[in-house]
Amino acid sequence: MSQSMAWLMLVIAGALDVGWAISMKYAEGYTRAGWSVVSLVLLVAFVVLLGRALKVLEVGVAYSVWTGIGAAGNVVMGVVLFGEALSAMKIAGILLVLTGIAALKLA
């Protein structure tokens with residue numbers, strides 16, 4: 001597998017991680033069957049993609065990028081879907097996370 005394919009899988013895994021966290025919220029403690037199934041499918045999907053990306057990428061970089069995508073994405077989705085507060089500090093934090101992801105990619 002090429003480096004670019006591994007990075008693509010990693011970014012997709014990060015996006016699936018966001019979907020997984022949001023689906024867990026909708027699953028309400030895994031009491032809603034449909035959302036619970038969605039959550040488990042997304043969990044398996046992102047773990048598989050992350051695992052494949054780790055065959056090529058350094059674990060420290062890949063895991064940090066994956067969690068950064070998940071963290072930033074979930075803050076944004078929390079604001080969009082659940083009306084969570086968005087402050088200047090949260091925006092600054094997201095920008096720092098995204099800057100760190102870019103730095104790790106370039107390293």
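Reader: Which residues in H3 does H1 meet?

Author: Happy to start there, keeping in mind that this is a predicted model. On the H1 side, the contact includes Trp7, Leu10, Val18 and Tyr26. By class, the contact of H1 with H3 has 17 nonpolar, 4 polar and 2 charged residues. The partners in H3 are Val61, Ala62, Val65, Trp66, Ile69, Gly70, Gly73, Asn74, Met77, Leu81 and Phe82.

Reader: What parts does the pair of Phe46 and Trp66 tie together, and how many residues apart are they in sequence?

Author: This tilted pair has its centres 5.2 Å apart, with 40° between the planes, and both Phe46 and Trp66 are buried. Phe46 lies in helix H2 (residues 33-53) and Trp66 in helix H3, so the pair links parts whose separation in sequence is 20 residues.

Reader: Nice! Is Tyr63 buried or partly exposed?

Author: Tyr63 also pairs with Trp66, again tilted, at 5.3 Å centre to centre and 50° between the planes. Trp66 has 10% relative accessibility, so Trp66 counts as buried. Tyr63 has 46% relative accessibility and therefore counts as partly exposed.

Reader: Which residues form the aromatic cluster?

Author: The structure holds 5 aromatic pairs, including Phe46 with Trp66 and Tyr63 with Trp66. The one cluster is formed by Trp20, Phe46, Tyr63 and Trp66.

Definitions and conventions:
Residues numbered from 1 in each chain as written. Predicted model: local features only at pLDDT ≥ 70, side-chain atom pairs only at ≥ 80, totals over all residues. Heavy atoms only, no water. Contact = heavy atoms within 4.5 Å. Helix = DSSP H or I, 4+ residues; strand = E, 2+ residues; numbered from the N terminus. Nonpolar A, V, L, I, M, F, W, Y, C, P; charged D, E, K, R; others polar. Phe/Tyr/Trp six-rings, centres within 6.5 Å; stacked < 30°, edge-to-face > 60°. Buried < 20%, exposed > 50% of the residue type's maximum accessible area, 1.4 Å probe, protein only.
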